[in-house]
Protein chains: 2
Amino acid sequence: MNEIKIFSPATVANVACGFDVLGFCLDSIGDYMVIRKTTEKGIKITKIEGFDLPYETEKNVAGVSAQALYNDLRPECGFEIEIHKKIKPGSGIGSSAASASGSVYGINELLGRPYDKTQLTYFAMQGEAIASQCEHADNLAPGIFGGFTLVKSTKPLNILSLPTPSDLFATLIHPQIEVKTVDSRAVLPKEVPLENAITQWANVGSLIHAFHTSNYELIRESLIDVIIEPHRKKLIPHFDDVKANTLRAGALGCAISGSGPSIFALCKGLETAKQVEKAMHNVYSKSGIAFETYVSKINIEGIKTVK
Amino acid sequence: MNEIKIFSPATVANVACGFDVLGFCLDSIGDYMVIRKTTEKGIKITKIEGFDLPYETEKNVAGVSAQALYNDLRPECGFEIEIHKKIKPGSGIGSSAASASGSVYGINELLGRPYDKTQLTYFAMQGEAIASQCEHADNLAPGIFGGFTLVKSTKPLNILSLPTPSDLFATLIHPQIEVKTVDSRAVLPKEVPLENAITQWANVGSLIHAFHTSNYELIRESLIDVIIEPHRKKLIPHFDDVKANTLRAGALGCAISGSGPSIFALCKGLETAKQVEKAMHNVYSKSGIAFETYVSKINIEGIKTVK
């Protein structure tokens, strides 16, 4: 095999209570990438469609992660990467993570899988770092492992693949505004009340338990973020309205996707997820802000080869 | 049935990373209580052995919780309570919780179980409150439910019964010193670094996942408390030594039991648990401080009727 086409899906990080550690993988939106073996050594980005991103390997997220794997393995060949970008950078659904993990996934497949998923995440983190100025894996892990993941630690990298209740769907709205990473970080406190931290780890624990027991009511009770959301929601117009209306429409929970501006809801059943999409639509169609919405099953497969 | 004898076991709250929410139930130490139906209405404490505790219903933890249940149900009879106390008050292994939950468990049994376990915990919290000046359930839940429990919230009371890996044992050391509740609270910060809180909820999440998957290595990696232990360990002589030596002896983790002074370790297998007991013994036998040690399987049954 000298060429592979892959689908690298969008992902939702944080998942309400699990700031910096939880994430899940979407199905209905993602990038396509073509990776090709070349006799010439090295990593080259040969095509970028969809958004204006740098072609220089060392400035491109997909290039940097591919180069990290390449430097580790030192294969006899080189690789070309084509990126057909569908996930808008800065949307809060793991655009850079899809690029960073897609290139290493594709190269690993072409070479007969010398690396495991945790190692691929490690390489992808090098790419993600140039996009977000820090090494984190909460959007990478769900793409590479599929389903829900918990990044237990990054040093050493320890990723847990969590069970996904079968009837869980996600609904998203992506308001077409820019929330600068620097702003979404700046609003976060360095210290948090112990009392709130306790509430948060009770929710993380119960959410994991709920996934293992397919307890949808417990998922509902656990998708609560008392630490981050109160600060970051100010950066997202109509957040409270969207949340209130999605919950009223039957969503199990609704919170900021990553650092925003996208907002996600988790729902039991496709029908509810579609009702929730309507509710999001209703709020934003009055706002004058352009937006996109998506309904997606939870993608338990993660990044995959396509034809 | 007019009389019941029950065993109300000791419990370990917090379980390293799960401050205020996690707990588990012991088997080899606990109080015995006899509850007897009487024609005279009301709740009476008729006998207390082992430790010097108040006989007045409204001042006795077991009395207050029993009275709370009694006031709610208003039965036609009354109850006498005998307490054969084995768990030393102030030991950090749920002495007051054993009293508070034992009386309501026994009365509920005699009346044909009108209440479920969560309701019993609610009544027991009223008793626990007079011992610890706040309503909490992290020692009550494991006694009443058995095994490992997560108190997701107290308002409303929501307790999750977690799976217990079958080869898990606990080893405890109880140094015979007094750590005043007021001191163990005073050393805790009101605010904690967000970074540490994230580490803590990653550990809580991974511990719950580890219980569900019987992953002992992950239990080992998750039994880490970066929030409370650094402050409270100063109140417990030789804590660092005990911890280092139990880990060297093979313990999966070692941390403060409740607010101390007891220290617990979790171990895979009885043999390791016994080695860990020796390690604890070695440290404290040189200290000049009197102590007791215990090895116990995790008690998945909780409080029970005995003959």
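This report walks through how two chains of a predicted model meet, and then visits some features within each chain.

## Reading the model

Residues are numbered from 1 along each chain as its sequence is written, chains are lettered from A and ligands numbered from 1 in the order in which they are written, and side-chain values use heavy atoms, with hydrogens and water left out. Because the model is predicted, local features need pLDDT of at least 70 and side-chain atom pairs count only at pLDDT 80 or more, while totals for chains, interfaces and linings use all residues.

## Where the chains meet

Let's start at the interface. On the chain B side, B:Lys152, B:Leu194 and B:Trp201 provide 26% of the area buried against chain A, more than any other three residues.

Which polar links cross the interface of chain B and chain A? There are 13 residue pairs in polar contact, both residues being at pLDDT 80 or more. Such a contact is a pair of N or O atoms within 3.5 Å; within protein, one must be able to donate a hydrogen and the other to accept it, and residues adjacent in sequence count only if both atoms are side-chain atoms. The count of salt bridges between the chains is 0 (a side-chain nitrogen of Lys or Arg within 4 Å of a carboxyl oxygen of Asp or Glu).

## The elements involved

Helices (H or I, at least four residues) and strands (E, at least two) are DSSP runs, numbered from the N terminus.

Strand β8 (residues 191–193) of chain A runs antiparallel to β8(B), and 3 bridges join them; strands pair if DSSP finds at least two bridges between them. Here A:Glu191 has B:Pro193 as its bridge partner.

## Annotated domains in chain A

An unreviewed UniProt entry places "domain: GHMP kinase N-terminal" at residues 66–147 of chain A. That span is 56% helix and 9% strand, and its end C-alpha atoms are 23 Å apart.

UniProt also places "domain: GHMP kinase C-terminal" (unreviewed entry) at residues 209–285 of chain A. Those residues are 55% helix and 13% strand, with end C-alpha atoms 37 Å apart.

## Backbone details in loops

Chain B has a cis peptide bond between B:Lys155 and B:Pro156, with omega about -5°; B:Pro156 sits in the loop between β5 and β6. The bond from B:Gly260 to B:Pro261 is also cis, with omega near 5°, and B:Pro261 lies in the loop between β9 (253–256) and β10 (263–268).

In chain A, A:Arg113 is not a glycine, yet has a positive phi of about 60°. A:Arg113 belongs to the loop between α2 (95–110) and α3 (117–132).

Terms used
Buried area = accessible area lost by both parts, 1.4 Å probe. UniProt positions renumbered as here; feature names shortened; annotations may be inferred.
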